[in-house]
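Please keep the sequence and the model in view while reading.

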Amino acid sequence: IRDRYRPLQNSVIACSPRPEDVLAGLKKLGCSTVYIADIDAIEGRGSNRFVIDLALSMGYKVLADIGRDGLQEKDQERLRYVVGTEYVVYPHELSLLRDRVVSLDMKEGRVVFRNSALDVVTAAREVCSNGVSMIIVLSLDRVGTARGLDIDAVKVVKDVCRVPIAVGGGLRDIAEIAMLKNLGIDFVFVASAIHRGIITKCVY
């Protein structure tokens, strides 16, 4: 999936894919928190820590996914590290998720771990029973597709987990944001819909 990612083009909020331009464009939309996935760090081929530092210097709160290395980092007041289930071995490392922001990394409707894949109900119960601080329901195979969010999975996680919940991957339009709001979901991750001009502000 990630090998299909390409540099940002034709964004309505930024004249180039440079991080400073994109972050400035998000500021104009009223965004105060950004999710930064460092693909190089996730795939073990380098680091783009400067982007995280840049966002912090611009006053953002940051959710940062730097792969498994995030387990070694301590959360700060405006910087919290996201630990994806795809980085941990099930069930032996579930205790490492305590008090962390955890992403339920989904592909084809199942939550993937380093060594296995589970149905959403089982994965949500196992992860949330370990005392996580926040859950992200992230459909990796829907990112950038505008296919629509996996609302069924969101409902399952909402029913099982009693922590703040964010959702990402495939957002179609404002109507889906309204749907999430009605379900009591706290946050939604938006990228493509912002760059295409479908979503025009950061708070609804």
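The structure discussed here is a predicted model. In this model, helix α5 (residues 151-160) and helix α6 (residues 174-183) pack at an angle of about 20°, and α5 and α6 are therefore roughly parallel to each other.

**Packing of α5 and α6**

- The axes of α5 and α6 lie 11 Å apart.
- The crossing of these two helices, α5 and α6, is right-handed.
- On the α5 side, the contact is formed by I151, V154, K155 and K158; on the α6 side, M179, L180 and L183 take part.
- By residue class, the contact of α5 with α6 comprises 5 nonpolar residues, no polar ones and 2 charged ones.

**Packing of α1 and α3**

- Helix α1 packs with helix α3 (residues 49-57) at an angle of about 35°, and their axes are 10 Å apart.
- The crossing of α1 and α3 is right-handed.
- P19, E20 and L23 of α1 meet F50, V51, L54 and A55 of α3 in this contact.
- The contact of α1 with α3 divides into 6 nonpolar residues, no polar ones and 1 charged one.

**The disulfide of C31 and C202**

- The model has 2 disulfides, and one of them joins C31 to C202, with an S to S distance of 1.6 Å.
- C31 counts as buried, at 10% relative accessibility.

**The disulfide of C128 and C161**

- C128 and C161 form a disulfide in which the sulfur atoms are 1.9 Å apart.
- C128 belongs to helix α4 (residues 120-128), whereas C161 is in the loop between α5 and β8 (165-168); the pair therefore ties together parts that are 33 residues apart in sequence.
- The disulfide of C128 and C161 is right-handed, because the torsion about its S-S bond is about 90°.
- Both C128 and C161 are buried.

**Pairing order and C15**

- With the bonded cysteines of the protein chain numbered in sequence order, the pairing reads 1-4, 2-3.
- C15 has its closest cysteine sulfur in C31, at 17 Å, which is too far for a bond.
- C15 is exposed, with a relative accessible area of 73%.

**S139 in strand β7**

- S139 lies in strand β7 (residues 134-139).
- With a relative accessible area of 3%, S139 is buried, because the cut-off for that class is under 20%.
- Leaving aside residues up to four places away in sequence, S139 touches M106, D150, G168 and G169.

Technical notes
Residues are numbered from 1 along each chain as its sequence is written. This is a predicted model: local features need pLDDT of at least 70, side-chain atom pairs count only at pLDDT 80 or more; totals for chains, interfaces and linings use all residues. Side-chain values use heavy atoms; hydrogens and water are left out. Axes are lines fitted to C-alpha atoms, for helices over the stretch in contact, and angles run from 0 to 180 degrees between N-to-C directions. Helices (H or I, at least four residues) and strands (E, at least two) are DSSP runs, numbered from the N terminus. Angles under 35 degrees count as roughly parallel, over 145 as roughly antiparallel, 65 to 115 as roughly perpendicular and the rest as oblique. A crossing is left-handed if the near helix is turned anticlockwise from the far one by less than a right angle, and right-handed if clockwise. Contact means heavy atoms within 4.5 Å. Ala, Val, Leu, Ile, Met, Phe, Trp, Tyr, Cys and Pro count as nonpolar, Asp, Glu, Lys and Arg as charged, and the others, Gly among them, as polar. Buried means under 20% relative accessible area, exposed over 50%, partly exposed in between (1.4 Å probe, protein chains only). A disulfide is a pair of cysteine sulfur atoms within 2.5 Å.
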